[in-house]
Amino acid sequence: MASLDKTSVREEVSRLKADFDRLGSEGKISSESQAIMNSLFLIVELILAIFLERITQKDSNNSSKPSSQTEKDESALSHPGSNGKGKNENDTQARNTRVKETITISQVTTCDVCAEDLSDVPCVDHERRTKIDIVFEKVIDHVDAEVKCCPACDAVVKGLFPADRYGPLQYGDGLKAFVINLLVGQIVALNRVQKLVKSMIGVVIAEASLLKFVLRLH
């Protein structure tokens, strides 16, 4: 492909624009034509700024240098290891998670070899084996407000509900955060999220309600 002289192209465009401005100031060009040509000149200047200022990075495919002498391309995502793929993962734990950790001591009471009683023998070391599991727990919290009839004035008085109970049924922040993580963080389809939540809590949440969770967060 033939190379262009950036300076000469810009000078030619500037000369044409100056001639056009001179003709417009002399009244030889109508106002409609001036508006159209000014728009065209603006487009031409944008094209020049995009294509003439673009710098193509040299590599072994478009340079005379061999691949061993070209610089390493670092424009891709960083790799955690020599053979790793993708960007580094964020290991920060979600703030709404709850960790229940238990430690059970497996006591040694008798010797496996001679059957000697080891109940009073002190322990010299421990060997640990760990299991990590996830248990999804559906938490239902009911608030029953008392309704009483005043004997003095026959008024019906009802107990107060918590501030976050503004209707017959609400969903907690943990469920909302899980839905938002699936929709936004994991980019799971809306229909799949709806079916997954139904399998967990046994309630079908409307797709509009799922989208409201994201909208309220936004």
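Mentor: Let's start at Ile-36, which is exposed, with a relative accessible area of 53%. Here exposed means over 50% relative accessible area, buried under 20%, and partly exposed in between, counting protein chains only; the areas come from the Shrake-Rupley method with a 1.4 Å probe. Before going on: this is a predicted model, where local features need pLDDT of at least 70 and side-chain atom pairs 80 or more, while totals for chains, interfaces and linings use all residues. Residues are numbered from 1 along each chain as its sequence is written, and side-chain values use heavy atoms, without hydrogens and water.

Together with Leu-40, Ile-43 and Ile-47, Ile-36 makes a nonpolar surface patch of about 360 Å². Patch members have over 30% relative accessible area and no salt bridge; nonpolar side chains (Val, Leu, Ile, Met, Phe, Trp, Tyr) are joined within 5 Å, like charges within 9 Å.

Now for the charged side chains. Count a salt bridge when a side-chain nitrogen of Lys or Arg is within 4 Å of a carboxyl oxygen of Asp or Glu, and you get nine. One of them joins Glu-12 and Arg-15 at 2.5 Å, N to O. Both residues lie in helix α1 (residues 6–25), three residues apart, or about one turn of the helix. Glu-12 is partly exposed at 38%, and so is Arg-15 at 42%. Another bridge pairs Glu-26 with Lys-28 at 3.2 Å; Glu-26 is partly exposed at 43%, whereas Lys-28 is exposed at 61%. Lys-148 and Glu-146 also meet in a salt bridge, at 3.6 Å. In that pair Lys-148 is exposed at 55%, as is Glu-146 at 53%. Bridges that share partners join Glu-12, Arg-15 and Asp-19 into one network.

Next, look at α3 (173–185). Its buried residues are Leu-175, Lys-176, Val-179, Ile-180, Leu-182 and Leu-183. They cover an arc of only 165° around the axis, so they sit on the same side of α3 (the arc is taken from the directions from the helix axis to the C-beta atoms). On the other side of α3, Asp-173 and Val-184 are exposed. The buried residues of α3 pack against α4 (190–201) and α5, where contact means heavy atoms within 4.5 Å. After α3 comes Ile-187, whose phi is positive, near 55°.

Last stop: the rings. Rings of Phe, Tyr and Trp (its six-membered ring) pair if their centres lie within 6.5 Å; planes under 30 degrees apart count as stacked, over 60 as edge-to-face, the rest as tilted. That rule gives one aromatic pair. Tyr-171 and Phe-213 form it edge-to-face, 6.2 Å centre to centre with 70° between the planes. The pair links distant parts of the chain, 42 residues apart: Tyr-171 is in the loop between β2 (156–158) and α3, Phe-213 in helix α5 (residues 207–217). Tyr-171 is partly exposed at 23%, while Phe-213 is buried at 6%.

Notes: Buried < 20%, exposed > 50% of the residue type's maximum accessible area, 1.4 Å probe, protein only. Helix = DSSP H or I, 4+ residues; strand = E, 2+ residues; numbered from the N terminus.
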